Amino acid sequence: MWQSLRGSSCRHFTARVAMADVVVLTIAMAGALGLLIGSFLNVCIVRWPAMESVVSPRSRCPQCGTLIGWYDNIPVISWLMLRGKCRQCALPIPIRYPLVELGVGVLWAAAAWQYGISLEALRAAVFLTILLGIAMTDAREFIIPDEFSIGGTVIGIGLAFAGGALGVRDAVVGAVVGYVVLATVGFLGRKAFGREAMGGGDIKMMAMVGAFTGAWGVLLTLMFGAIVGLLLHVAALPFRKTAPVRADATPDADVEEMSAEELRAQGYLPFGVSLAIAAAVVFVVGAERVIDWYLAMVL
Ligand SMILES: [Zn+2]
């Protein structure tokens with residue numbers, strides 16, 4: 001009796017250790033995959049707003065034009081080995097590059113840790129990666145590339161078709177609600193304030209958010225996004241430069257034609273950044289739980 005008990009508990013222990021190994025291995029592999037995808041996201045962040053291909057040409061140093069070898073293109077590690085400088089000309093490589101790689105690596109590892117190897121892990125990882133890409137391009141250039149927004153909408157609905165946690169109907173309705181609500185807010189804002197309140201990029205972005213989080217996700221993201229935007233606006237006030245605006249620029253000049261510097265000087269904030277932060281929180285916490293919190297607070 002004693003013998004057999006010990007035997008079985010021993011086997012049990014071995015099985016548990018093996019399970020833990022598999023889990024750690026899964027998370028590590030997801031993290032490594034995330035690092036590579038982060039490296040690709042860096043290329044998208046720079047090239048999509050400029051309407052350039054992300055496939056060719058291969059990456060070159062913007063200053064000396066030297067092709068970047070694979071050994072200088074290993075996520076995070078190469079940047080550390082090169083101490084953030086080009087091997088040939090010593091031009092600094094922005095710290096944004098390793099940070100985005102590391103960020104996406106952590107996101108993919110966290111998704112695998114939370115959901116295991118599953119469609120839901122893929123859905124979480126892809127959605128959060130797209131949001132990071134949008135936050136970066138909008139912060140840098142006030143642009144949300146269609147590849148992220150429209151492409152992301154297609155991927156979100158595709159993952160629903162493949163059997164994701166959000167059903168096909170909810171994903172499609174979410175995308176439509178995202179588009180229509182933001183387009184309406186933009187239209188009313190233009191009527192009320194006489195200036196662009198919502199860019200076309202924000203509208204398409206929220207269709208993508210709806211395809212991943214559903215109609216409630218859209219509404220909660222919009223609500224939180226407004227709060228995050230207000231906080232960022234207040235936080236940015238001390239740093240706001242009253243940079244010289246182009247001589248012919250007037251307050252009601254066409255926003256679409258202003259450069260990122262001009263928009264910043266006029267006090268515009270990239271709303272996509274706030275929406276991306278809000279959408280990530282809503283997705284991670286879950287729309288139902290957010291509504292429960294809210295109701296518990298109000299009632
Ligand atoms: Zn160089």
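At roughly what angle do the axes of H7 and helix H10 cross, and within what distance do they come?

Guide: The structure is a predicted model, in which local features need pLDDT of at least 70 and side-chain atom pairs count only at pLDDT 80 or more, while totals for chains, interfaces and linings use all residues. Residues are numbered from 1 along each chain as its sequence is written.

The axes of H7 and helix H10 (residues 287-298) cross at roughly 45° and come within 9 Å; axes are lines fitted to C-alpha atoms, for helices over the stretch in contact, and angles run from 0 to 180 degrees between N-to-C directions. H7 and H10 are therefore oblique to each other, given that angles under 35 degrees count as roughly parallel, over 145 as roughly antiparallel, 65 to 115 as roughly perpendicular and the rest as oblique. Their crossing is left-handed, a term used if the near helix is turned anticlockwise from the far one by less than a right angle. On the H7 side, the contact is made by Thr-213, Gly-214, Trp-216, Gly-217 and Leu-220, and on the H10 side by Ala-287, Val-290 and Ile-291. Two residues are in contact if their C-beta atoms, placed from the backbone, lie within 7 Å.

These two helices belong to a chain with 10 helices and zero strands; helices (H or I, at least four residues) and strands (E, at least two) are DSSP runs, numbered from the N terminus. Of its 299 residues, 32% count as buried, that is, with 20 or more other C-beta atoms within 10 Å of their own, whereas 12 or fewer make a residue exposed and values in between make it partly exposed.

The largest nonpolar core has 59 residues, and those with the most contacts inside it are Trp-108, Leu-131, Met-206 and Ala-279. Such a core is a set of buried Ala, Val, Leu, Ile, Met, Phe, Trp, Tyr and Cys residues joined through C-beta atoms within 7 Å. H7 provides the largest share of this core, 11 residues. Domain 1 (1-117) and domain 2 (118-299) both give residues to the core, so it lies between them; these bounds come from an automatic or database domain assignment.

Leaving aside neighbours within four places in sequence, Trp-108 is in contact with Ala-30, Gly-31, Leu-33, Gly-34, Ile-37 and Ala-125. Leu-102 lies in helix H3 and counts as partly exposed because it has 17 C-beta neighbours inside 10 Å.
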